[in-house]
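Thank you all for coming; I would like to walk you slowly through one structure today.

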Amino acid sequence: MALERQVRAKIAGKRDLEKDKEAQHWIEDVLGEKFPAGVLYEDALRDGLILCQLINKLAPGSVPKVNTSGSQFKMMENINMFQQAIKKYGVPDLDVFQTVDLYEKKDIAQVTSTIFALGRACYKHPEFPGPYLGPKPADECKRNFTEEQLAAGQTIIGLQAGTNKGATQAGQNIGAGRKIIIGK
């Protein structure tokens with residue numbers, strides 16, 4: 001039981017309430033409506049309804065059938081549909097939370113991280129006017145070298161490997177020298 005408590009404490013320690021608030025404000029700005037009053041961030045997202053509305057606002061028609069009521073299975077289905085839609089939108093699979101992280105509130109920090117990843121993916125869609133969440137991802141900086149430049153680079157020893165100017169073992173006398181006695 002102690003190990004389970006330690007794991008829960010470690011996961012809870014990863015959570016940053018400021019990031020949760022920032023993600024909530026971004027979602028509210030994109031949707032144009034506030035979260036229900038008096039409802040915690042994770043409870044508002046738990047049924048997947050707000051998440052499905054969010055991705056449908058970013059990419060209309062991404063989740064064609066959103067379950068507004070029903071069993072736990074239907075709510076978890078909303079979360080799964082959201083996850084599939086954001087992967088198509090451009091969020092890397094590595095950044096997507098597991099369904100139980102949200103539904104069972106196992107790792108809300110990972111859910112917030114996924115929302116930030118979605119916010120970064122919005123930069124790649126010029127049709128989205130904003131607002132954006134998180135820093136803009138770097139664009140590719142492709143360089144074209146001529147064959148002559150590539151050949152010239154083959155003859156140079158880069159300084160990334162360091163330099164060996166003046167690198168000798170002269171003067172390294174630490175302690176007494178080794179005494180080798182022959183014939184004894």
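This is a predicted model: local features need pLDDT of at least 70, side-chain atom pairs count only at pLDDT 80 or more; totals for chains, interfaces and linings use all residues.

In what order do the elements of the protein run from the N terminus on? They run α-α-α-α-α-α-α-α, and the count is accordingly eight helices and zero strands, where helices are DSSP runs of H or I with at least four residues, strands are runs of E with at least two, and numbering starts from the N terminus.

Residues are numbered from 1 along each chain as its sequence is written, and side-chain values use heavy atoms, with hydrogens and water left out.

Let us turn to one pair of helices. H4 (residues 49-58) packs against H5 (residues 72-89) at an angle of about 25 degrees, and their axes, which are lines fitted to C-alpha atoms over the stretch in contact, lie 9 Å apart. Because angles under 35 degrees count as roughly parallel, H4 is roughly parallel to H5.

In H4, Leu49, Leu51, Cys52, Ile55 and Leu58 meet Asn78, Phe82, Ala85, Ile86 and Tyr89 of H5, contact meaning heavy atoms within 4.5 Å. Of the residues in this contact, nine are nonpolar, one is polar and none is charged, with Ala, Val, Leu, Ile, Met, Phe, Trp, Tyr, Cys and Pro counted as nonpolar, Asp, Glu, Lys and Arg as charged, and the others, Gly among them, as polar.

Methods:
Axes are lines fitted to C-alpha atoms, for helices over the stretch in contact, and angles run from 0 to 180 degrees between N-to-C directions. Angles under 35 degrees count as roughly parallel, over 145 as roughly antiparallel, 65 to 115 as roughly perpendicular and the rest as oblique.
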